[in-house]
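Here are my notes on the model, as numbered points. Please read them with the structure open.

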Amino acid sequence: MIHIIGKTGRRSIRSIQHLLELFALTYRIMRCGFHRPPEGRVLVRRIVAEQIYFTAIQALPLIIPIALVIGSAQIIQFAELSAQYDLGKTVVLLTVRELGPVVTAMIVILRSATAVTIEMGYMKVFHEMEAFQMAGLDPIRMICLPRLFGITTAMISLFIVFDLVSIFGGYALVWGVTYIPLGNFIVQIGKAISGSDIIVGLLKAIFFGATITVTSLYRGFDVQKQITEIPMATSRAAVESFLYCLLINIFLSIIFYL
Amino acid sequence: MNTETPVVELEDYYLAPQDESRGFAGVNFCLQRGEVVALRTERPADGRMLMRALATWVSPLAGVYRFMGTPLDFSDYRSLLPIKAKIGYIGSDASMISNRSVRENLLLQRFYWENRLGIDLHEKARSLCRQFDILNKLDMRAAQVNSRDYMIAICIRELTKSPEMVLFSQPEDFIGHAHLEMLVERWSSIVDNNITVVVFSYDDNIIDALANRTVTLETTS
């Protein structure tokens, strides 16, 4: 019994320590973002732009078909279920509030969080962090800050794209088979969507983006000397990021909708 | 009597054993401006570790590291960044940023400090790239060039960043024979004579050609 309690206690302490370290890393990156020396701004901006390109632009061919499939499937199912009366409300409820941020987060985790963790792990093993430092550059500013801003901005953009494509693209795809007049559909969506839906969606995108970035950076930095540690770190980063996103999603939904 | 502030001073410096190195206890070591010192240790791993310590990559257990008279604070890595920028470290564990081109790696420091991206290599860097035959590889990603050119690019990067001290760790292990010979031959024209250089090598030819003093250090027993 004592053994079980001890084990549970140790695991809890480790989990709390891990969370505190994630917060500490987030704080350090954010601090770096606010205390911006004049040097290196152009270089940092370029890395941010590259990160947005990798995470948002390159993900478009993936997120658009997924949004279309999810949007059209939703519209087909709910058009049958609610006899078209609550269709707009249901679509807004599901897409803007819940599915949009979560599916976008999942895509960003699969594409970018894993890539960032692998990149950081590789940089750690092959002393590339030291290469930055030997040039007098702070790796937090040169590596972490651009990724935090880049991925979070990409997350917001992808979330907006997902919602729009899912709702309107989904409608366009099933227009022929559902007989829902476009005017009706738009009016329903307009009535159903509120300012808080948009704010909550954006908040989720921001928190998800920051959480995914910090978790994947942390796991990448956690790699010590062996390249064989990288797959484990990547797997942990992906699972943890998704778990944290789900928890944040529930937390924000409870705060705003209950 | 030399009254000038030494470039590097290690005082009662203790380094913990790490990997194959047995660590150091109470090292006292002083390097003057313009000196080219050959470092001798019992085991290669100890020498490599000391070179990494001089590059401020390894924190001491105890003791003081003074660089240009200023004691270094190893508790915050950010305070070491301006010091690291003044140290050129050329060793098998030095690296470039692999997803950037060789040119970008050579210009990284200038991109940052000059705060603009539309700049090209200085004449000295360009001339070294030409001499060592990597001019046509500047636009390749660092990960794409072969290991010899990779290390040559690191040499050029470190030698052209205006360092106060250059650490040259076992160059015979990673620079091809021909290039190493060329580098040693042209050393005096590449490296200013007021720069402090520490050479750690088991190749006596390199030491004879470059060093004007030898320091032998003993590890912890």
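1. Terms first. Helices (H or I, at least four residues) and strands (E, at least two) are DSSP runs, numbered from the N terminus. Residues are numbered from 1 along each chain as its sequence is written, and chains are lettered from A and ligands numbered from 1 in the order in which they are written. This is a predicted model, where local features need pLDDT of at least 70, side-chain atom pairs count only at pLDDT 80 or more, and totals for chains, interfaces and linings use all residues; side-chain values use heavy atoms, with hydrogens and water left out.

2. Confidence. The predictor gives the complex an ipTM of 0.89 and a pTM of 0.88. Where pLDDT is low, the predicted coordinates should not be read in detail.

3. Chain A overall. Chain A has nine helices and zero strands. Its C-alpha trace spans about 65 × 60 × 35 Å along the principal axes. Of its 258 residues, 47% count as buried. Buried means under 20% relative accessible area, exposed over 50%, and partly exposed in between (1.4 Å probe, protein chains only). Contact means heavy atoms within 4.5 Å. Among chain A contacts between residues at least 6 apart in sequence, 86% join residues at least 24 apart.

4. Nonpolar cores. A nonpolar core is a set of buried Ala, Val, Leu, Ile, Met, Phe, Trp, Tyr and Cys residues joined through side-chain atoms within 4.5 Å. The largest has 128 residues, and Tyr65(B) and Met165(B) touch the most other members. Helix α6 (residues 139-178) of chain A gives this core its largest share, 13 residues. Another core, of 13 residues, lies apart from it; Ile75(A), Ala79(A), Val92(A) and Val174(A) are among its members.

5. Largest pocket. On a 1 Å grid over the protein atoms alone, a cavity is a set of points where a 1.4 Å probe fits but cannot get out, and a pocket is an open set with protein on both sides within 12 Å along at least five of seven lines; lining residues have an atom within 4 Å of a point. Grid points are joined across faces, edges and corners, and a volume is the space filled by probe spheres set on the points. The largest pocket holds about 1,400 Å³ of space. It is lined by 39 residues, with Lys124(A), His127(A), Glu130(A), Arg52(B) and Trp57(B) closest to its centre. At least two lining residues each come from α1 (2-34), α4 (87-125), α5 (128-134) and α6 of chain A, and from α1 (44-54) and α2 (77-84) of chain B.

6. Second largest pocket. About 510 Å³ of space lies here. Of its 20 lining residues, Phe23(A), Phe207(A), Ala210(A), Thr211(A) and Ile248(A) are closest to the centre. α8(A) supplies the largest share of the lining, six residues.

7. His18(A) counts as buried because its relative accessible area is 11%. Ser101(B) sits in the loop between β6 (87-90) and α3 (102-114) of chain B. Ser101(B) is also buried, at 11% relative accessibility. Its C-alpha atom is separated by 6.6 Å from that of Leu138(B), 37 residues apart along the chain.
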